[in-house]
Amino acid sequence: MSIGRQYLTSISLITGSALIGLFINDLVGYHVVAFLLLVSVSVLTLFLEIRPVLLAALLSALLWDFLFIPPRFTFTVGGTEDQLLLLTYFMVALIHAVLTHKIHQAQEEGRKKEAKANAVRFYSTLLNSLSHELRTPITTIIGAADNLQSKGGHITESDKSVLLNEVSVAAARLNQQVENLLNMSRLESGVFTVKRDWVDVRELIYHAIQRFEPTINKYRVSVHVPESLPLFKLDFGLMDQILHNLIGNVIQHTPEGTDLIITADCEEERLIIVLSDTGPGFPVADVDRVFEKFYRVEGSRPGGTGLGLSIVRGFAEAHGGMVNLRNLPLSGAEFRIEIPAEVSYLNGLKNE
Amino acid sequence: MNSAVILIIDDEVQIRKLLTITLTSYDYKVLEAVNAKEALTLVANHPPDLVLLDIGLPDMSGHQVLRHLREWYSKPIIVLSVQSAEEDIVQALDHGANDYLIKPFRTGELMARIRSALRQTNAETTGVVLDTGDFTIDFAARLVKKGNVPVKLTATEYTLLALMVRNEGKVLTHQYLLNEVWGPSYRNESQYLRVFVAQLRKKLESDPNRPKHIVTESGVGYRFVTA
């Protein structure tokens with residue numbers, strides 16, 4: 001509530017209570033009216049900040065004095081008893097307001113502290129996972145290089161080739177992490193643009209799959225793209241990255257031999273790509289959170305920074321589209337991407 | 001034949017060292033330049049057979065170096081660039097680079113590109129019939145055969161295919177292909193290119209979904225590769 005509205009609420013409620021007081025004054029007497037006003041001030045302390053409440057306390061004291069304490073309709077207070085009563089009234093209202101304010105403040109501080117603790121926890125988890133993901137391949141590379149250089153030990157030719165292969169794999173992994181981090185900072189920098197051009201979605205999907213050869217051949221991949229699917233105006237590079245991350249996710253988290261089904265369709269100038277697998281699916285509690293930056297499913301295999309899916313969402317949203325995840329009834333997960341885009345049915349024409 | 005001289009232009013000593021050792025091990029002769037000024041002098045005094053040019057140089061942008069070089073140097077230039085810089089790559093290709101490689105690249109890829117670029121220099125010797133492994137093209141007869149069966153191509157399909165095949169191994173940008181095949185007013189009508197590339201793949205590739213010959217260069221263009 002804005003501060004202006006808080007003052008208004010404060011004045012209205014006190015004035016209202018005073019009006020009710022005028023009606024019931026003859027029935028109950030002005031002492032009870034004082035309680036009515038005090039209750040109003042108390043109610044206000046629950047919802048408003050300190051200043052509007054102080055105003056309410058002051059205003060109600062003045063109104064009580066002016067309208068109810070004999071002689072009525074003057075600010076004069078007749079008897080000593082009434083003077084004491086007025087003073088007590090004012091003190092109670094004031095203490096009430098200040099106490100409530102202090103409670104509010106304490107709560108606010110608690111919230112801030114908790115938010116800060118959450119942020120610290122978030123960043124330390126992030127740093128842990130990042131430094132792990134970056135240091136593991138670096139350690140492999142340094143260690144293998146040292147070993148290959150060392151003159152002391154005896155290393156067989158076959159071990160040598162194993163080490164060299166590890167260097168190669170570690171470097172590829174490092175490169176993937178760096179690419180994800182760069183993509184994330186591209187997204188967050190805001191200087192990033194979607195360059196749309198005509199895309200043959202079949203070509204796009206197979207291109208993304210081909211980037212995973214030969215690993216992808218250990219999965220049972222099927223692609224369903226209707227012959228009549230139009231061309232869409234999309235950013236090929238960004239869409240390629242979306243599919244790359246989703247396919248990579250399947251390879252990372254499902255066993256070899258898992259089915260991977262990719263379908264594409266057009267619904268009212270929207271490209272729909274659905275990517276489903278027959279893997280274990282996601283833990284129910286995580287389904288809504290996997291697109292969050294740096295979020296990782298607990299106990300999932302190492303090898304990710306929790307950035308892949310948030311980049312998927314970021315790139316889909318950059319296109320004005322969206323991505324959803326659901327678990328399939330039997331087993332497996334399904335990602336559904338919806339991208340609004342201009343379409344061209346040129347490819348449906350028979351040309352000569 | 002591998003006595004070709006290759007000039008490496010890169011300010012990173014690690015990259016130069018890596019490239020020098022790799023290229024020397026494949027029997028190429030290597031020259032090195034650490035910045036644009038040194039590179040331009042070197043090319044003028046000892047023109048190499050091929051240039052590997054890093055786009056991000058300290059003293060002058062790689063694009064400027066490219067423009068300067070192309071005023072008089074006509075041999076292959078391969079541009080080295082970092083990830084996610086499709087615009088940079090397209091610009092470099094438009095300014096006369098023959099090919100590009102994205103860092104980090106694999107050695108096999110580098111050597112293939114160098115061989116292909118050097119081959120293009122001697123491309124005049126290519127015969128009138130080319131065998132891609134999956135199909136043959138007879139340029140004189142304008143005839144394409146898969147096995148022994150002639151493949152029916154439309155005039156536009158043939159023009160596009162012939163253009164790509166003549167530039168075998170070289171990446172051709174979308175705009176270049178549109179301009180050459182359809183004309184300058186079609187430079188931005190990339191939907192035609194998509195449709196015709198899909199048709200050519202369907203008619204010629206043994207698996208049109210996993211093309212081995214007409215290869216997609218993400219966000220840049222297409223490259224024709226023989227098996």
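Start with chain B and its overall size: a compact globule of 227 residues would have a radius of gyration near 17 Å, and chain B has 18 Å, which agrees (the radius is taken over C-alpha atoms, and the globule rule is 2.2 Å times the number of residues to the power 0.38). This is a predicted model, where local features need pLDDT of at least 70, side-chain atom pairs count only at pLDDT 80 or more, and totals for chains, interfaces and linings use all residues. Residues are numbered from 1 along each chain as its sequence is written, while chains are lettered from A and ligands numbered from 1 in the order in which they are written.

Stay on chain B and show its C-alpha atoms: they fill a box of roughly 55 × 40 × 30 Å along the principal axes. Switch to cartoon and you have eight helices and twelve strands (DSSP runs numbered from the N terminus, H or I of at least four residues for helices, E of at least two for strands).

Now select chain A. A compact globule of 352 residues would come in near 20 Å, but chain A has a radius of gyration of 34 Å. Its C-alpha box is roughly 110 × 70 × 40 Å along the principal axes, and the cartoon shows eight helices and eight strands.

Next, pick residues 157-189 of chain A. That's helix α5, 33 residues reaching 48 Å from first C-alpha to last, close to the 48 Å expected at 1.5 Å a residue (the expected span is 1.5 Å times one less than the number of residues).

Time to go inside. Select V199(A), I205(A), M239(A), I242(A), L246(A) and V312(A): in the largest nonpolar core, with 41 residues, these touch the most other members. Such a core is a set of buried Ala, Val, Leu, Ile, Met, Phe, Trp, Tyr and Cys residues joined through C-beta atoms within 7 Å; buried takes 20 or more other C-beta atoms within 10 Å of a residue's own, with C-beta atoms placed from the backbone. Colour residues 236-253 of chain A, helix α7, which gives the most to this core, eight residues. Then hop to chain B for a second, separate core of 34 residues, including V43(B) and L118(B).

Last stop, where the chains meet: 15 residues of chain B are in contact with 20 of chain A (C-beta atoms, placed from the backbone, within 7 Å). Highlight helix α8 of chain B, residues 190-204, which supplies the largest share of chain B's side, five residues.

Conventions: Contact = placed C-beta atoms within 7 Å. Buried ≥ 20, exposed ≤ 12 C-beta atoms within 10 Å, placed from the backbone.
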